Amino acid sequence: MSALRFSDTISAALADGVLVVTIDNAPVNALSADVRGGLMATLEHAEKDGAVAGVVLTGAGNSFIGGADIKEFGKPPVEPFLPDVISRIEAFPKPVVAAINGVALGGGLEVALACHRRLATPGAKLGLPEVKLGIVPGAGGTQRLPRLIGIAAAIDMIANGRVVPGAEALKLGIVDRVSSDTLLADAIADIKTINASSLCRTGLLLVPSATTEAIDRAAADALRKARGQRAPAEAVRLVRLAATAPLSEGLAEERRTFIELRDSDEAAALRHVFFAERAAGKVEGLETVAPRRIETIGIVGTGLMGSGIAVSALNGGYRVIGVEQTIEAADKGRERITGLLDKAVQSGRLDAAGREDRLGRLTVTADMPQLAQADIVIEAVFDDLTVKTELFQRLDTIVRADAILATNTSYLDPDLIAAATQRPARVVGLHFFSPAHIMRLLEVVNCKETAPDVLATALALAKRLGKLPIVSGVTEGFIGNSIFSAYRREAEYMVEDGALPQEIDAALEAYGFPMGPFAVFDMAGLEIAWARRKRQAATRNPSERYVAIPDWLCEAGRFGQKTGRGWYAYPDGKRTVDPEVTAMIEAARTEKGIVPKRFTADEIVSRLLKAMVDEGDALLSQGIAARASDIDLVMINGYGFPASKGGPMFAAGRR
Ligand code: T1G
């Protein structure tokens, strides 16, 4: 096969009259200007060369094409533009076959859709996930995909940014064939069978008809999940347009919409989140440190948190040894874990075989010495320093010398726990967020003595568990709860100053939070913070402003939703403003001689944003957080901060 090179990233080889073109632009074969230029040059050559009967496109590595080059967004566009490359492929006089060897996402799938035939490996992943970046497909996806799979299925994929494996792509009609290890040979063979005079040009197909009910249902489902973000609604509109508008009109409207969204604040925020997630968990100098091998995970405490962590570990493919103090408690723990797996089966997230496989890897016992088999032990026991310290001292005598001890504490000082053990270097914090088998966020606490390979192991484990690891230094509440405390404090100050809880909640919900702070406090329960405030009362700084209203609520037995009354009243479970609370607030203002002022929604958001950012800046200057984007990810993934605003640090920079 003679090799040809058309750009730095595009090479080709003629095999049996077929030009096999390889896109090689590490790490994901993004459609950079060099890729686009190289593809155009390749097509130019293929059209002129009579020896070329057809073209096969494929990717190097485990990507076909990972999409447009997101790093090029926000920069002046460089020709050839992707839609032009795609139109050239679709109109090409010779057959062009896509051999999808890996991810074909966004522009990558749009390139494949313009080919005259598509083959994929079973492990390939195909999708148009642009809405996750706050945009819509901009190179024909909303117009070509429905021509292959129908309006309803196209809405489901595009408006939800859903990615499907090769087999589902075949069932849907996105690809014509699935090939495992003979992908290229099959693609070359297909070129020979395709009749060049009647090429299947996707853009010329009619959109298959569908019932309005199916379409409306898919649209409603996508819009419900969109939670006010613009891109999904625009995606629904564009896919519906494909059913009625000529291709050229649909493509023009799609391009106009894509450009408008690409330059929006929401898209800038979601691009920030995309790159922030890839920067998270990267620690200077740790790249060369080899993580320890983890196969068996011990979990002490199989209550709410421990059982969630156990399911997360089972989902990650590990052996799990859960430990409780008594056989009865161990049996209850196993029931809890089994119950979570059963829920996953009922919701279709897990099949029966998967459930059996997980239960086959689970032991729950009262026999703590079994933890001698564990490579890491995670404690999820009562958040009390004595309890955790004594437990770690006991584990010291049971686990292997090279086993890691991880504490799931939320508020205690892990350095104190580590200091009580014989090997503090093997202690690390793994602060899971409840429910631990659902929430992606995991704060990995780098304690004073934590050895580098222990930290590297914790980060590798987090990734294997499908978590989003954020490294935190040691401070009370680590990153998330530190910022949440500042947010709560400022919200309470504003109530004393004149804003009502319902006004603050409404402002934050309009900004994009699923729930405002007071609704969240009532849901979490007011008694937890109350107990902490009472513990700290003796050492509290008397000059620091203190809002007594939450204490008054607790003293009146108003602990939140669970007691039917908190900041709000919950008659028949519905959150309603309670005049009793308004009276308490007015009394508190009078007692402090505060003349209440009015706050606009924008002032409320700005003041709370500033409280979070000031705390974030403090965490950065103290080295507790490594980068501002980590703080954004913690608040988005652990506290409901709207991703479409990019997180507090990013949002403050934009305001
Ligand atoms: N552009 C630029 N860089 C990208 C990229 C992209 N599309 N995708 C990934 N990277 C970088 C990423 O920042 C990281 O960099 C490295 O590649 C590895 O990524 C016209 C306009 C493909 C499934 O939304 O979903 O097409 O940190 O850690 O876990 O309609 O990356 O190493 O410096 O995620 O193996 C649509 C986004 C774009 C796909 C691989 N495409 N990417 O996952 O690796 S918009 C997407 C992903 C578009 C068209 C529109 C994943 C992946 P660094 P990684 P991974």
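Helices and strands here are DSSP runs, numbered from the N terminus; a helix needs at least four residues and a strand at least two. With that naming in hand, the walk can begin. The model is a predicted one.

Strand β2 covers residues 10–15. D16 sits in the loop between β2 and β3. Its phi is near 55°, a positive value in a residue that is not glycine. Most residues other than glycine have a negative phi, and most peptide bonds are trans.

A26 and P27 are joined by a cis peptide bond, with omega at about 5°. P27 belongs to the loop between β3 (18–23) and α1 (33–48). A cis bond also runs from S434 to P435, and there omega is near -5°. P435 lies in the loop between β17 (427–432) and β18 (441–445).

Now step back to the whole chain. The domain assignment gives domain 1 (4–263), domain 2 (296–474) and domain 3 (480–651). How far apart do the C-alpha centres of domain 1 and domain 3 lie? The distance is 46 Å.

An unreviewed entry lists residues 296–472 as "domain: 3-hydroxyacyl-CoA dehydrogenase NAD binding". In the model, this span, residues 296–472, is 41% helix and 21% strand. Its end C-alpha atoms lie 25 Å apart. The unreviewed entry also places "domain: 3-hydroxyacyl-CoA dehydrogenase C-terminal" at residues 477–570. Residues 477–570 are 57% helix and 0% strand. The end C-alpha atoms of that span are 30 Å apart.

Next comes the ligand. Which residues come nearest to the ligand? Of the 25 residues around it, the nearest are A68, G107, E110, E130 and R278. By type, the shell holds 14 nonpolar, five polar and six charged residues. Helices α3 (107–114) and α11 (265–279) each supply at least two residues of this shell. The largest share, three residues, comes from α11.

A polar backbone atom of A68 is 2.8 Å from an oxygen atom of the ligand. For a polar backbone atom of G138, the distance to a ligand oxygen atom is 2.9 Å. K282 uses its side chain instead: an N or O atom there is 3.0 Å from an oxygen atom of the ligand. How much of the ligand does the protein cover? On its own, the ligand has 1,000 Å² of accessible area, and the protein covers 72% of that.

The last stop is the aromatic rings. A pair of aromatic rings is described by the distance of the centres and the angle of the planes. Rings count as a pair if their centres lie within 6.5 Å. By this rule the model has 13 aromatic pairs. One of them joins F484 and Y487, at 5.7 Å centre to centre. Their planes stand 50° apart.

Technical notes
Residues are numbered from 1 along each chain as its sequence is written. This is a predicted model: local features need pLDDT of at least 70, side-chain atom pairs count only at pLDDT 80 or more; totals for chains, interfaces and linings use all residues. Side-chain values use heavy atoms; hydrogens and water are left out. A residue is near a molecule or strand if one of its heavy atoms lies within 4 Å of it. A polar contact is a pair of N or O atoms within 3.5 Å; within protein, one must be able to donate a hydrogen and the other to accept it, and residues adjacent in sequence count only if both atoms are side-chain atoms. Accessible areas come from the Shrake-Rupley method with a 1.4 Å probe; for residues, only the protein chains shown count as cover. Ala, Val, Leu, Ile, Met, Phe, Trp, Tyr, Cys and Pro count as nonpolar, Asp, Glu, Lys and Arg as charged, and the others, Gly among them, as polar. Domain bounds come from an automatic or database domain assignment. UniProt positions are given in the numbering used here, feature names are shortened, and annotations may be inferred rather than shown by experiment. Rings of Phe, Tyr and Trp (its six-membered ring) pair if their centres lie within 6.5 Å; planes under 30 degrees apart count as stacked, over 60 as edge-to-face and the rest as tilted.
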